[in-house]
Amino acid sequence: MAASAMQAPAPTARIAAGAGMSIALAGSGGSGVMTAGTLLLDAAARAGLYGLMVRTSGPQIRGGEAAALLRLSPQPTQSLDDGFDLLLAIDWQNVNRFADEIPLKPGALLIGDSDEGEAPEVFKAGGARQFGFPLKKMAKAIPGSWINMLALGLSGALAGLPAQALEAALTGSWKRGDAALQANLAALRRGIEAAAGIESPRRLELGAGARTKRWNVSGNEAAGYGAIRGGVRFVAAYPITPATEMLEWMAPALIKVGGSLLQAEDELASVNMIIGASFGGVPSLTATAGPGLALMTEGIGLAVSAEVPIVVVDVMRGGPSTGIPAKSEQSDLSFAVGGLHGDAPRLVVAPTSIGDCLSATQWAVELAEALQTAAIVLSDQFMGQSRAIIDPPDDAAGSARRETAAAGAPDYKRYRDTPSGVSPMAIPGTPGVTYTADGLEHTEAGVPSSQARDHRVQLDKRERKLALHDYGARWADIEGKGATAVITFGSASGPVREAVLRAAAQGVAVRLIALRLLAPLQAQHLAAALEGVQQVLVVEQNHGAQLYRYLRSMIDLPGRKASFHRPGPLPLRPGEVASWIVEQASALEGVST
Amino acid sequence: MNDIAPPVALTAANYKSGTKPIWCPGCGDFTVLNAVTKALALVQRPPHEVAVVSGIGCSSRIPAYTSCYGFHGVHGRSLAAATGLKVARPDLTVLVAGGDGDGYSIGGNHFLHACRRNVDLTYIVMDNHVYGMTKGQASPTTEPDWDNKLSPGGTGVRSFHPLVIALASGANFVARAFAGDQNTTAEIIAQGIRHPGFSFIEILSPCITFRPEQREWKHHVHAAAVEATDDAARAARRIMTDDGFNIGVLYAGNRTPYPAHAASDAQSTRNAVAALETEFQL
């Protein structure tokens with residue numbers, strides 16, 4: 001019996017223990033929890049740990065509630081855990097709004113300012129151990145110090161980080177005067193002292209060795225660097241949450257590599273600007289979120305029709321419409337794979353981790369250039385705005401390049417119907433091969449045509465060049481073996497990968513397929529990867545089971561099928577996905593016996 | 001169009017592709033095409049170093065009628081495409097061409113920002129106060145009482161003054177031309193190309209198919225009485241108070257153009273790309 005797509009259950013209170021230590025630092029805006037979280041991550045890296053820091057905040061520009069959600073671990077970590085071992089709140093003002101985002105593990109520590117009232121009931125319900133310190137007074141007692149440095153000392157000491165790693169993180173990032181640094185170092189030490197009497201629920205095994213090779217990077221920075229590695233030298237874009245940091249990172253970086261970034265008046269302009277620049281031979285990119293992608297679709301269709309390579313990075317957020325701007329969701333998939341008018345084959349690539357934001361974006365640039373079409377990169381807020389300590393990402397540099405026309409090439413036709421579907425592109429400035437790029441249907445020479453034959457030839461050409469390209473092994477990450485296969489994509493790959501490991505620990509062997517190339521879907525490769533599988537589970541973070549429906553429309557998935565899909569903004573938790581996988585595996589046994 | 005070895009002096013004919021325009025007989029755009037090719041001959045840049053960028057509409061078909069590189073994009077976005085092209089490839093001469101609907105209605109926002117950004121482009125609008133390709137609807141420059149099927153009795157909406165808006169938005173060169181006077185139009189376009197920054201040239205280009213009364217424009221136009229000014233306030237007063245048929249360069253400013261993309265050599269680029277990695281290394 002094949003299960004139909006069904007809504008995933010709400011996250012339960014059932015919390016399994018994942019690796020590492022999970023720490024939430026919360027407070028009202030301006031309390032400095034993001035700075036404290038960033039320094040805690042940096043200190044953990046200095047102590048030889050891997051880590052992840054996810055940012056979450058209320059809608060206010062300044063002064064709203066904010067939380068830094070960290071997971072520190074001796075092993076590489078791409079997912080938040082099911083719950084937190086420590087919640088440290090600088091104040092409790094509106095922190096209760098994070099109740100769903102900060103579930104506490106049994107026996108977790110709950111630390112707040114003893115002068116600021118009781119912790120909200122919702123955090124106490126699970127039996128957390130509570131401790132209070134007069135944080136404000138303690139900070140005041142050290143003139144010139146900040147309260148968040150007390151929080152850094154407390155949380156760092158409870159995580160078992162050495163004092164020198166915490167001090168080095170603070171000193172290394174310090175940009176002000178020495179007197180204030182000394183005051184804050186004193187506050188940091190005061191926080192470490194305060195932690196002395198508290199028994200931590202976790203002890204992190206501090207690593208050593210190859211840590212100096214590791215990176216501290218956000219998904220947005222990684223995507224920006226991947227674009228530059230791929231050859232992008234022109235960016236036009238309009239500010240939008242949560243893509244802006246990618247653009248802000250790229251603006252000075254592009255100047256260093258002989259490129260430039262231009263702030264456009266809107267997304268209609270930005271996509272057409274990059275098409276213009278790429279028509280001029282310069283690999284070009286824009287980055288946006290769902291609302292911007294919606295505005296860009298006509299331009300993306302132009303890039304497809306006129307065969308101008310462009311890359312559009314969509315850092316997905318909650319939708320539709322303005323949706324939930326600062327929080328993550330994988331709900332632009334259907335739109336990315338299907339949302340252009342006309343028959344418009346395009347590339348859709350999704351990074352499977354923060355580090356892969358670099359490799360996947362670099363690969364997307366190469367594919368767009370080689371295939372002279374539009375590539376959409378589906379990142380999301382979770383990867384984009386989170387910072388992680390990772391091993392250096394894979395350099396995706398390949399050999400494919402934009403094929404250009406030589407000066408005076410005889411009988412040059414820009415849209416020649418070649419066997420591969422790719423036709424050499426004349427770059428302005430090249431004599432003897434001038435042509436007009438056109439979004440009108442055209443003949444091989446580029447002359448507008450409304451004739452059936454020309455339309456058919458060009459539609460076939462544009463489809464063929466994507467279909468015939470050899471994408472190599474990069475189309476998906478395939479791990480493990482089992483009667484059950486789990487297919488996922490994008491940032492869901494992190495929690496799903498961890499869930500698969502947990503299921504394996506419970507005796508359920510699973511084959512994981514994290515798709516990187518979503519369009520054109522590699523149906524034959526996927527069918528081969530599913531060979532012998534008796535059931536296919538699809539996991540994604542959106543309300544409409546978009547990946548599940550897409551796969552079912554494109555390929556005859558073998559055996560029993562089931563879908564786990566939940567909208568953002570709550571991240572998928574490895575524990576809930578693992579439980580679901582185990583349940584589905586028993587259901588399969590029920591079917592087969 | 002074998003332009004590998006250009007003749008010593010390029011003539012207007014060198015800039016024509018020979019493709020037969022789709023325009024109606026008597027369309028003003030034919031003479032604008034002649035004026036554009038004459039202007040390019042005056043400037044003497046070989047066709048392969050020139051790009052003509054357009055959007056959608058009758059006049060936006062112009063790129064393919066030249067022997068230059070052409071870009072015929074989507075409706076209203078010609079200025080955006082041309083901006084990207086010129087910023088990324090400052091070595092090219094980039095002309096942008098289109099109509100009043102393309103430039104002032106669907107592309108209106110880009111018009112404002114292209115003027116204020118002041119990228120070194122020459123923007124030619126063939127203004128006929130009507131949507132021709134969709135067969136006769138009101139554009140932003142159409143008179144409010146012009147009767148048409150989509151707006152019976154007229155739109156009742158006042159018409160748009162592109163020259164004043166260009167000036168107020170920061171265009172560095174503002175001119176009005178008339179399609180019927182090919183030589184003057186060619187001179188003005190050549191001046192616009194030579195002038196640094198964003199040059200805006202509004203060309204009155206009659207559509208005798210949907211606006212036969214525009215045949216009379218040839219009797220209304222007259223040369224501007226005074227030379228171009230670099231004083232925006234004076235230019236604004238002149239443009240606001242003239243009769244709409246004042247032909248010539250009305251404003252030539254001296255704002256610094258938008259900076260071009262400064263490409264570096266391959267080796268230093270490779271080093272710079274590799275160096276970016278150190279930002280992330282622990």
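Student: Before we start, how are residues, chains and ligands labelled?
Tutor: Residues are numbered from 1 along each chain as its sequence is written, while chains are lettered from A and ligands numbered from 1 in the order in which they are written. This is a predicted model, where local features need pLDDT of at least 70, side-chain atom pairs count only at pLDDT 80 or more, and totals for chains, interfaces and linings use all residues.

Student: OK, what's the mean pLDDT of chain A?
Tutor: The mean is 94, and 96% of the residues of chain A reach 70 or more. pLDDT is the predictor's confidence in each residue, from 0 to 100.

Student: And where does pLDDT stay under 50?
Tutor: Over residues 1-16 of chain A, for which the model has 29 contacts beyond four places in sequence. Two residues are in contact if their C-beta atoms, placed from the backbone, lie within 7 Å.

Student: Switching to the two chains. How many residues are in contact between them?
Tutor: On chain A there are 51, and they touch 47 residues of chain B. Elements of chain A that each give at least two residues to that side include β8 (215-218), α7 (219-230), α8 (244-256) and α9 (267-279). Helices (H or I, at least four residues) and strands (E, at least two) are DSSP runs, numbered from the N terminus.

Student: Which element gives the largest share of chain A's side?
Tutor: That's α9(A), with nine residues.

Student: How does chain A's side split into nonpolar, polar and charged?
Tutor: There are 25 nonpolar, 17 polar and nine charged residues on the side of chain A that touches chain B. Here Ala, Val, Leu, Ile, Met, Phe, Trp, Tyr, Cys and Pro count as nonpolar, Asp, Glu, Lys and Arg as charged, and the others, Gly among them, as polar.

Student: In what sense do β16(A) and β2 of chain B pair, parallel or antiparallel?
Tutor: Parallel, over three bridges, with β2 covering residues 69-72 of chain B. Within that strand, G70(B) is the bridge partner of T436(A). Two strands count as paired if DSSP finds at least two bridges between them.

Student: What about the open sheet in chain A, what's its strand order?
Tutor: Eight strands run in the order β7-β6-β5-β2-β4-β3-β15-β8, with mixed pairing. The edge strands, β7 (129-133) and β8 of chain A, each pair on one side only. From one strand to the next, the twist averages 15°.

Student: Now helices! At what angle do α5 and α6 of chain A cross?
Tutor: At roughly 150°, and the axes of α5 (residues 163-173) and α6 (residues 178-194) come within 11 Å. That's why α5(A) is roughly antiparallel to α6(A). Axes are lines fitted to C-alpha atoms, for helices over the stretch in contact, and angles run from 0 to 180 degrees between N-to-C directions. Angles under 35 degrees count as roughly parallel, over 145 as roughly antiparallel, 65 to 115 as roughly perpendicular and the rest as oblique.

Student: Which residues make the contact between α5(A) and α6(A)?
Tutor: Among them are L166(A) and L170(A) of α5(A), and L185(A) and L188(A) of α6(A). By class, this contact has seven nonpolar residues, two polar and one charged.

Student: How do α7(A) and α12 of chain A sit, then?
Tutor: Their axes come within 7 Å and cross at roughly 30°, with α12 spanning residues 354-371. The two are therefore roughly parallel to each other. Their contact has nine nonpolar, seven polar and two charged residues.

Student: And α1 of chain A with α5(A)?
Tutor: α1 (residues 33-46) packs against α5(A) at about 125°, with the axes 8 Å apart. So α1(A) and α5(A) are oblique to each other.

Student: Last topic: which peptide bonds are cis?
Tutor: One of them goes from T241(A) to P242(A), and P242(A) is in the loop between β9 and α8 of chain A. Another joins G319(A) and P320(A). P320(A) sits in the loop between β12 (310-316) and α11 (333-338) of chain A.
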